[in-house]
Amino acid sequence: MKALNRILERARRSPRRIVLCEGEDERVLRAAVRAAEDGIAHVILVGNRDAMAAVARTEGLGLSDVELIDPATSPLVEPLGEALFALREKKGMTREQAEAAVREPLCFANLLVREGHADGSVAGAVNTTADVVRSAIQLLGLAPGSRLVSSFFLMMLCQPFHSLKGGMIFSDCGLVIDPDAEQLAQIAMAAADSAEALLGEEARVAMLSFSTSGSARHGNVEKVVQAARSVKAARPGLAIDEDVQLDAAIVAEIAERKLPDSKVKGNANVLIFPDLEAGNIGYKLAERIGGAEAIGPLLQGLARPANDLSRGCSVDDIYHVIAVTTVQAQAAEARDAAVAG
């Protein structure tokens with residue numbers, strides 16, 4: 001079974017409440033209806049009810065399986081506004097500003113997640129990445145033990161011509177521009193968690209560099225090595241290689257020659273890029289030349305899942321992100337239960 005199909009099946013077995021705040025966009029509406037009908041999520045659409053209904057009529061879509069919430073008329077506006085005011089009062093937000101902000105669909109949607117009315121959110125088809133990420137950080141906060149929100153792409157290698165098969169995590173390819181060693185360590189640990197949640201297998205992390213095991217000396221290499229050693233100290237059981245070139249990260253024969261003491265052994269399923277420039281180039285090469293399917297950018301490090309979409313996203317892109325968000329919500333619940341227990 002393809003890795004993506006496994007994610008869809010896991011979502012279908014235990015769907016979660018996923019809220020989308022851009023239901024007036026035809027692509028979002030189509031994906032939401034499809035996700036609800038396929039049972040991968042209990043979908044909530046936030047926006048102007050009349051406008052969403054009008055788009056649905058134009059597109060010939062039924063909305064019986066989707067919950068619509070209009071912040072202009074919802075009885076949840078008052079309690080959510082109070083929650084927002086309590087959260088942001090020390091940052092200078094007034095009660096009047098909270099009452100106005102909560103009527104914005106993006107803010108309303110993330111407050112639904114914060115207050116337990118939904119389990120995850122998806123936005124970005126209309127809103128900018130900056131707005132989506134800012135709202136998620138301010139309203140949902142960081143996961144226990146996390147000090148950074150970063151992003152990843154879920155890369156699917158499922159075509160007959162792919163020598164590597166299955167899913168991989170590429171991080172960070174969309175958010176943190178030039179991480180220092182500590183930030184890079186945070187990205188690696190979050191990406192390992194993402195791999196285990198979404199791929200259903202133990203993470204095998206490669207800290208990518210132009211050096212393998214000290215073959216080159218440079219400040220950029222030292223950053224990668226320092227980050228990897230921080231991860232090893234925090235998670236001694238995690239399979240992770242320090243500075244490693246891409247070929248040694250994903251080809252077992254090369255790993256055996258270049259890095260005989262490798263923990264990953266050329267079988268990495270998590271690739272950590274040293275900066276955003278390398279990550280952005282890397283995932284686009286894999287997608288455009290290598291024929292991989294790229295899902296994302298997805299966010300990691302948050303207390304509850306909130307994912308960003310490209311404004312050029314397709315219906316399929318949104319549908320798949322809804323499924324991923326459901327599985328992330330399942331993992332977040334399991335994490336919180338383990339912490340509480």
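Guide: Start at Pro179. Pro179 sits in the loop between β6 (166-171) and α8 (181-199). Bear in mind that this is a predicted model. Pro179 counts as buried because its relative accessibility is 2%, and the cut-off for buried is under 20%.

What does Pro179 touch, leaving aside neighbours within four places in sequence? The contacts are Leu184, Ile187, Lys223, Pro274 and Asp275. For a sense of distance, take Arg217: 38 residues separate Pro179 and Arg217 in sequence, and their C-alpha atoms lie 19 Å apart.

Lys223 is the contact to follow. Asp178 forms a salt bridge with Lys223, and the closest N and O atoms are 3.7 Å apart. Asp178 belongs to the loop between β6 and α8, while Lys223 belongs to helix α9, so the pair ties together parts that are 45 residues apart in sequence. The two partners differ in cover. Asp178 counts as exposed, at 57% relative accessibility. Lys223 counts as buried, at 16%. Side chains of opposite charge can pair when their charged atoms come close.

Now the sheet behind this loop. Six strands form an open sheet in the order β8-β7-β9-β6-β5-β10, and the pairing is mixed. β8 (239-244) and β10 (293-300) are the edge strands; each has a single partner strand, so one side of each is left without a neighbour in the sheet. From one strand to the next, the twist averages 20°.

Look at β6 within that order. Strand β5 (residues 150-157) is joined to β6 by six bridges, and the two run antiparallel. Phe153 stands opposite Phe170 in β6. Two helices pack on this sheet. α9 touches β7 and β8, and its direction makes about 165° with that of β8. α12 touches β5, β6 and β10, and its direction makes about 20° with that of β5.

Ser211 counts as buried because its relative accessibility is 0%. Not counting residues up to four places away in sequence, Ser211 touches Ala216, Val221, Asp243, Val244 and Gln245. Ser211 and Glu242 lie 31 residues apart in sequence, yet 9.5 Å apart in space, C-alpha to C-alpha.

Asp247 forms a salt bridge with Lys258, with the closest N and O atoms 3.3 Å apart. This pair links distant parts of the chain: Asp247 lies in helix α10 (residues 246-250) and Lys258 in helix α11 (residues 252-258), 11 residues apart. Asp247 is partly exposed, with a relative accessible area of 30%. Lys258 is partly exposed as well, at 36%.

Next, α12. Ile281 has its place in helix α12 (residues 276-288). Ile281 counts as partly exposed, at 47% relative accessibility. Ile281, Leu285 and Ile289 form a nonpolar patch on the surface, and together they have about 320 Å² of accessible area. The side chains of Glu287 and Arg288 meet in a salt bridge, at 3.7 Å from N to O. Glu287 counts as partly exposed, at 21%, whereas Arg288 counts as exposed, at 69%. How many salt bridges does a search of the whole structure find? The total is 20.

Last, step back to the other sheet. Five strands form an open sheet in the order β3-β2-β1-β4-β11, with parallel pairing. β3 (67-69) and β11 (306-308) are its edge strands, each pairing on one side only. Neighbouring strands in this sheet are turned by 25° against each other on average, direction ignored. Strand β1 (residues 16-20) and strand β4 (residues 120-123) run parallel and are joined by three bridges. Ile18 stands opposite Gly120 in β4. Helix α2 (residues 26-38) packs on this sheet, touching β1 and β2 (41-46), and its direction makes about 150° with that of β2. Helix α7 (residues 129-140) also packs on the sheet, touching β4 and β11; its direction makes about 170° with that of β11.

Conventions: Residues numbered from 1 in each chain as written. Predicted model: local features only at pLDDT ≥ 70, side-chain atom pairs only at ≥ 80, totals over all residues. Heavy atoms only, no water. Pairing = 2+ DSSP bridges. Helix = DSSP H or I, 4+ residues; strand = E, 2+ residues; numbered from the N terminus. Axes fitted to C-alpha atoms, helices over the stretch in contact; angles between N-to-C directions. Contact = heavy atoms within 4.5 Å. Patch = residues over 30% accessible without salt bridge, like charges linked within 9 Å, V, L, I, M, F, W, Y side chains within 5 Å. Areas by Shrake-Rupley, 256 points an atom, 1.4 Å probe, with all protein chains shown as cover. Salt bridge = Lys/Arg side-chain N within 4 Å of Asp/Glu carboxyl O. Buried < 20%, exposed > 50% of the residue type's maximum accessible area, 1.4 Å probe, protein only.
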